[in-house]
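Me: I have a protein model open and would like to learn how to read its features. Could you walk me through it, giving the general idea and then the case at hand?

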Amino acid sequence: PSGYSAGLRGDISVVDYRLEYRHLGKLFVPGYFNAGYEATGFDFNTEAPQEEVNGLLVGLGTSFDLIRLSASYESYKDQDPLLSAALGWKDLGPITGVINYSRPFSSDNDKKGMMDANILYHQGPIDYLINYKRFYQADGSYDDAYSVGAQFSLDNYFSWLQ
């Protein structure tokens, strides 16, 4: 699968902006790999475009020292528009993380938002990785999913010993 985009990107004072026209080929998913080229959780059968789509992406963001805020709006032909927002921070004490929220705009009452939080907690030579997802339902209820993992780092271990 492939895709392309053309647009503008820049910043005005403390606000950065992005305006793109996008063409996404069948099954192409922008952002499938994160900054470390690790695959994100995704179901290609239900979430990837099943045919070519064209549309617009508009985004705004700003950073304050260790905190980053951003929001984007995506609108593709014959699909529900999507609003996404994110709050991220690094090294606030022993915690680094990001909280993302996305919500499609639709006349279909079953389509509600999703919140996804990824937290990295540094504790000596071990980093704890916490992922928490909340899927909002039309009736106001929600379903939660979470996972916890640990990662041992020799670099952290030797720094911790000093």
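Reply: Happy to! Let's start with accessibility: serine 13 is exposed, because its relative accessible area is 68% and exposed means over 50%. Keep in mind that this is a predicted model.

Me: Where does serine 13 lie?

Reply: Serine 13 sits in the loop between strand 1 and strand 2. Its backbone deserves a look too, as the phi of serine 13 is near 60°, a positive value in a residue other than glycine.

Me: Which other residue has a positive phi although it is not a glycine?

Reply: Aspartate 78 does, with a phi of about 65°. Aspartate 78 lies in the loop between strand 4 (67-76) and strand 5 (82-92), and with a relative accessible area of 72% it is exposed.

Me: Now for salt bridges. How many does the structure hold?

Reply: The idea is to look for a side-chain nitrogen of Lys or Arg within 4 Å of a carboxyl oxygen of Asp or Glu. This structure holds six salt bridges. One of them joins the side chains of aspartate 16 and arginine 68, at 3.0 Å from N to O. That pair links distant parts of the chain, with aspartate 16 in strand 2 and arginine 68 in strand 4, 52 residues apart.

Me: Are aspartate 16 and arginine 68 buried, exposed or partly exposed?

Reply: Aspartate 16 is partly exposed at 26% relative accessibility, and arginine 68 is partly exposed at 32%.

Me: What about the salt bridge of arginine 22?

Reply: Arginine 22 pairs with glutamate 20, and their closest N and O atoms are 3.0 Å apart. Here arginine 22 counts as buried at 10% relative accessibility, and glutamate 20 is buried with a relative accessible area of 10%. Both belong to a network of salt bridges that links Arg9, Arg18, Glu20, Arg22 and Glu74.

Me: And which residue forms a salt bridge with aspartate 144?

Reply: Arginine 134 does, with 2.8 Å between the closest N and O atoms. This pair links strand 9 (residues 142-152), which holds aspartate 144, with strand 8 (residues 126-136), which holds arginine 134. Aspartate 144 is partly exposed at 39%, whereas arginine 134 counts as buried at 18%.

Me: Last one: which elements give two or more residues to the nonpolar patch?

Reply: The patch lies on the surface, with about 1000 Å² of accessible area together, and its members include Leu8, Tyr17, Val58 and Phe105. Strand 1 (3-12), strand 2 (15-24) and strand 3 (53-64) each give two or more residues. Valine 58, found in strand 3, counts as partly exposed at 35% relative accessibility.

Definitions and conventions:
Residues are numbered from 1 along each chain as its sequence is written. This is a predicted model: local features need pLDDT of at least 70, side-chain atom pairs count only at pLDDT 80 or more; totals for chains, interfaces and linings use all residues. Side-chain values use heavy atoms; hydrogens and water are left out. Patches are made of residues with over 30% relative accessible area and no salt bridge: like charges are joined within 9 Å, nonpolar side chains (Val, Leu, Ile, Met, Phe, Trp, Tyr) within 5 Å. Accessible areas come from the Shrake-Rupley method with a 1.4 Å probe; for residues, only the protein chains shown count as cover. Helices (H or I, at least four residues) and strands (E, at least two) are DSSP runs, numbered from the N terminus. Buried means under 20% relative accessible area, exposed over 50%, partly exposed in between (1.4 Å probe, protein chains only).
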